[in-house]
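Please open the structure in your viewer and keep the selection panel at hand.

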Amino acid sequence: MNDLKTVNDTQATPVRTLPDAQTVTTVRHWTDRLFSFRVTRPQSLRFRSGEFVMIGLLDDRGKPLLRAYSIASPSWDEELEFYSIKVPDGPLTSRLQHIQPGDQIILRPKPVGTLVLDALLPGKRLWFLATGTGIAPFASLMRDPETYEKYDQVVMMHTCRTVAELDYGRQLVESLKDDPLIGELVGDKLKYYPTTTREEFSQMGRITDNLTSGKVFDDLGIAPMDRERDRAMVCGSLAFNHDVKAVLESFGLREGANSDPQEYVVEKAFVGDGI
Ligand SMILES: Cc1cc2nc3c(=O)[nH]c(=O)nc-3n(C[C@H](O)[C@H](O)[C@H](O)COP(=O)(O)OP(=O)(O)OC[C@H]3O[C@@H](n4cnc5c(N)ncnc54)[C@H](O)[C@@H]3O)c2cc1C
Ligand SMILES: NC(=O)c1ccc[n+]([C@@H]2O[C@H](COP(=O)([O-])OP(=O)(O)OC[C@H]3O[C@@H](n4cnc5c(N)ncnc54)[C@H](OP(=O)(O)O)[C@@H]3O)[C@@H](O)[C@H]2O)c1
């Protein structure tokens, strides 16, 4: 099952190998709608933690069917990791969810994106604000030494509907303290604030509400946001991004970009209103 398959090809029929094909090394299913996988990394691929690339499979006419995916692994990692939704009728993910180690996917080695450390002015405390699969770029940035070299404190707020949907992020954060490469650097700089909105959990509520009410500052015992100290990166649905921007602006933060660094940056976790 080593050659690149078309999206309709569930048999082991060899198709052809494209220059941008990469081999799947591991796959892990987290829930019936979430999975992560790792692939070989093209030797020439350089990227900044937080960026995204186009990945995909061949469609049934043999043409590449590609979608944007945040690279969830840090820039120093030998492999590339992705964290994916499974959309039941999604052109790509209805098939991608069946990949297995040894299979090949297409990966266009042209990383881009705004969720990069260079797109923010220097600050003391960095906030990662994510819903759902929007945690993927922060899975990269949380594992990047530069994040902890540039900031005294990092706060990861991740909100999902259910507890099981938090697992990927929770296990990643737990693994950091024992990570031989960055464990010491992370130390107690990283504060993790996971919440659910539709299932009982120790911490609940939307990110927007927990910021506006001040609950997250109280729970973590930290000062409220201000423009001098705080920088933020946002990745979620269009509705979440829209609403959280207003909250960040209310704390005085301004939106920046690669070409114009300010106090916060935003990226869509996906296009569309919902499945
Ligand atoms: C910059 C950028 C980065 C992205 N990074 C990731 C990533 O790291 N992981 C990932 O799973 N997806 C990511 N996406 C979404 C991804 O590009 C695809 O939309 C997704 O893989 C579904 O593809 P599809 O062909 O199966 O369905 P599509 O036709 O692409 O989507 C069908 C519908 O499913 C919903 N949907 C799509 N993606 C998601 C999602 N991630 N979470 C919740 N609902 C969704 C939307 O309502 C969409 O209209 C990213 C999108 C953008 C723009
Ligand atoms: N997650 C599931 O179990 C599930 C199952 C089947 C289908 N779907 C569909 O898949 C699509 C994507 O689902 P998802 O759960 O990945 O993403 P989502 O609907 O964007 O929800 C993810 C988290 O973000 C919160 N949120 C949504 N809009 C927000 C806003 N404007 N401001 C602040 N927080 C906001 C949600 O809180 P709230 O709960 O308060 O909205 C939820 O905790 C949805 O359209 C859904 O219908 C999801």
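Begin by selecting Met-54, which stands opposite Arg-108 in β6. This is a predicted model, in which local features need pLDDT of at least 70, side-chain atom pairs count only at pLDDT 80 or more, and totals for chains, interfaces and linings use all residues. Residues are numbered from 1 along each chain as its sequence is written, while chains are lettered from A and ligands numbered from 1 in the order in which they are written.

Next, select residues 52-58 and 104-112. These are strands β3 and β6, which run antiparallel and are joined by four bridges. Strands (E, at least two residues) and helices (H or I, at least four) are DSSP runs, numbered from the N terminus.

Six strands form an open sheet with antiparallel pairing, in the order β4-β3-β6-β1-β2-β5; two strands pair if DSSP finds at least two bridges between them. At the edges stand β4 (64-70) and β5 (79-85); each has a single partner strand, so one side of each is left without a neighbour in the sheet.

Now select ligand 1. Around ligand 1 there are 26 residues, the closest being Gly-90, Leu-92, Thr-93, Phe-270 and Gly-272; a residue counts as near if its C-beta atom, placed from the backbone, lies within 6 Å of the molecule. The elements giving two or more residues to this shell are β4, β5, α1 (93-96) and β11 (264-268). The largest share, four residues, comes from β4.

Then select Lys-245, in helix α8 (residues 238-250). Is Lys-245 buried or partly exposed? Lys-245 is partly exposed, because 17 other C-beta atoms lie within 10 Å; a residue is buried with 20 or more such atoms, exposed with 12 or fewer, and partly exposed in between, C-beta atoms being placed from the backbone. Leaving aside neighbours within four places in sequence, Lys-245 is in contact with Val-234, Glu-255 and Val-266, where contact requires C-beta atoms, placed from the backbone, within 7 Å.

Finally, display the whole chain. Its secondary structure comes to eight helices and 11 strands. The C-alpha atoms fill a box of roughly 60 × 40 × 35 Å, taken along the principal axes. Of the 275 residues in the chain, 40% are buried.

Conventions. Contact = placed C-beta atoms within 7 Å.
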